[in-house]
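Please look at the structure first.

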Amino acid sequence: MSYPVASINGANSLTLAKPFSGATASGLDYTFAPLQPDNYNLSVKVNEIIDIAGDLVDASRGPAGPAGPAGATGPAGKNGDVGFGAVIGLTEYAGQPAGGSGVNLIVPVATGDPGITLTQSSQVVLPYDKPNAGIGLWIKATTSGYAITLGLTNAPLPQPEVPSEPIDLSGSSTIYGTPGTIIPLGIFVGGSSADFTVNIPEALPIRIERKTGIVVPTSTKWTMGGTGAPYPAVGDAVPSMAGFNKSGTGFDFRNGHVVVNNGSYLFTDALGLDFGSSANEVTTQTPPTMRMKWKGVIPNTGAEAILMNLMDYSTGGLTFGPYWDGSTLQLKIHRNGSTENITSDSSDLRALGTNQLYEAEWIDNPTGAGGSVNFYVNGTKIGETKQATSKPRIASVAALEINASVGNTSQGVNNLEIEYLALDVGKPAVQSNFEAVSDGPITSADLQALVVDARAITTNQPAYHLTYTANGIQTYDIEIVVGEMVVPAGRAYKAVLEDWSTGVGVAHPAQLVMTKPSAQNCKFEDANLYTSQPTWTEVLPQGPVPVINGIAYYCEGIRIGTYVQFQFGYDWDAATMPYNPFGDPTGKDSYMVPHKWRIEDVNGTVLSRIEMPNGEPLNSANRKPAWQGSYDGRGVAIITANNQWNPFGTTRSGVIWRSHEPVAYSQADVWKNVPAYDMRVPFAAKTGFSVNGGDARVFGDGQANGFANYRAMSWEPTTYNDIITAGANTQDPWKGQRLRGGRHRSERWYLAEIHAVQPDGAQPRDGSGRCARRSPDHAGNGGGVCSRRER
């Protein structure tokens, strides 16, 4: 032990620097050690610090020091206890600059809410499945005090936790319809040859619908006055917006009429004429009747002026004008690249150089080849009726031209004066008559034509039942409700659009109540699939759909048992794109506003939200339509976990939401019913680059032009490196060149995950709850649909 000495008083006496606290003793040996004043003062201060902080020093290294003096009394604390979890191995902490990113440690205060009274509070949820989520806490001064904000990034609000019905795909035999309408029962027997009997409910007017094909006369006229283009369409044969526009500069006006010269022409957009399509290439899209009328002055030069050219280059049309040989007129009939010329008899009624009305009339032969053609001048028929061996094919994209053919003015003329022109079109239609039916035997055709004639019913009716029996053995029951569809609580009833343009979701007033049947009692017509899927109902919204900036936000739905699927679509409204799906999108807004969809039940309970994986709205204002990031040497976006890409939606894109996970199907069932690549032949098409080559089994020499890219896409959102790893681990034995020389890239893959066949057999079974698409190119392009399922 050592004691600092203040002074030596003599041979037997000394004074210590501090009072001696030890026991009294005598005869002890001691020695003196010199001590500098600075070292002594330092030693004193260290001892004082040890006395003060003794409780914080590891007591295992020495005895605890005496208690320090009591501190000042602080304010009273809140009642309650707070427990802290242990932090082990935390040896260093570095601060982060404002706005920076990094990793911080969050220690839960307690398993429940803090045991204190909160006068202000808010709650955010950090999802368990978002390892790259971020949290921020910042403070700013306001006039009232300091405002503290807590926020999360890449951390969507969890989907609503509501009880979900077990999936039931047993279908429904209930038919709904609106009072005052005709309600088809939608019975389909799949070509059955069974003998059927039917039992009709007396309280409902059940009828057999007899359909007869008819031709409805329509007409549209364009007057080419001196007011300038576009020259409007007046009538009911084509849309009113299908006016004539000018192309070129060779136009004059004479006698109040437009005059067109060689090198210039007049044209419309697609007329949208619909004459019905079929697999028969000889008869499909044939007009029942069409009369082409042109009035004006044709220059007497002997040239074959193109008075009217109704044409789609890839399918066919009709071309009308004067013929060079004699005083004749000619109608050219076009179909699938072939042309038949029908020329009139010569007539002195035709007098070029004067203002006359010229007409050509087509009349189809509905039971045989070709049809007949008549020609008129000033309303008088010239010559005999001519027979054609072929039929014109007029698609809905066909447009009308004067002085040109599909933009080609090589056959144009000078000084063509036009007063007006017109189209008289006989359009195919169906006329229905309704025949009473009674209990007893019924043919399969009549059974499938049964409807409820509810035109005289003005109020909702109770449910009634109709039954039919096959071969006296198996009976089928159909419940019929003339009234609104009933959807139980907890099941998807409506979709509500939220507009996030301002950064806050605002519900659009046009809510989509998905209870309007568009098709009922639906089944696959395919022989293999007919028995594999129970009946389903297709629905549309009641009332108008939301329209924002000329874009309609609409929805189509499928109901089958407890399963519900909503497919959201986006397209220009009629005012913005009157010829939809045809028309020029130049200058039109194609991007939807930032938005979310809210799925609700009949009580308004939110069942699900459709949004981006990180919780942002679709088409978020925080993102760019084009990819913002790095590319590899092949121009492929390098997607990472912290720099993901989600595509912007444009018109004609779609979003699919489904209420349940799809049910499992056997591999044999999938191979039987789902189209798939034929993997038995090792195609040379898995190369990662484009080649001139094709399938030798189809083209013989295998040299047909084609693309060799074999692309794949992860079912879940992925990254550039992860998809390269997935490609390297593929079990496909025909890797070819795509895994050599760095040819594997994130947009080169399709990883097939086969789910349940779509109930209507038309829409993709895509729905991971996220936006799943291939990586973008430099322009930000990417295909696919974003789908959200209830999770």
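Lys596 lies over the face of Trp500, and the charged end of Lys246 sits over the ring of Phe251. A charge sits over a ring if NZ of Lys or CZ of Arg is within 6 Å of the ring centre and within 35 degrees of the ring normal.

| Charged residue | Ring | Distance from ring centre |
|---|---|---|
| Lys596 | Trp500 | 4.4 Å |
| Lys246 | Phe251 | 5.1 Å |

This is a predicted model, in which local features need pLDDT of at least 70 and side-chain atom pairs count only at pLDDT 80 or more, while totals for chains, interfaces and linings use all residues. Residues are numbered from 1 along each chain as its sequence is written, and side-chain values use heavy atoms, without hydrogens and water.

There are 12 aromatic pairs, meaning rings of Phe, Tyr and Trp (its six-membered ring) with centres within 6.5 Å; planes under 30 degrees apart are stacked, over 60 edge-to-face, the rest tilted. Phe566 and Phe568 form an edge-to-face pair, 6.3 Å centre to centre with 85° between the planes. Phe566 is buried because its relative accessibility is 0%; buried means under 20% relative accessible area (1.4 Å probe, protein chains only). Phe566, Phe568, Trp597 and Trp657 form one aromatic cluster.

Conventions
Buried means under 20% relative accessible area, exposed over 50%, partly exposed in between (1.4 Å probe, protein chains only).
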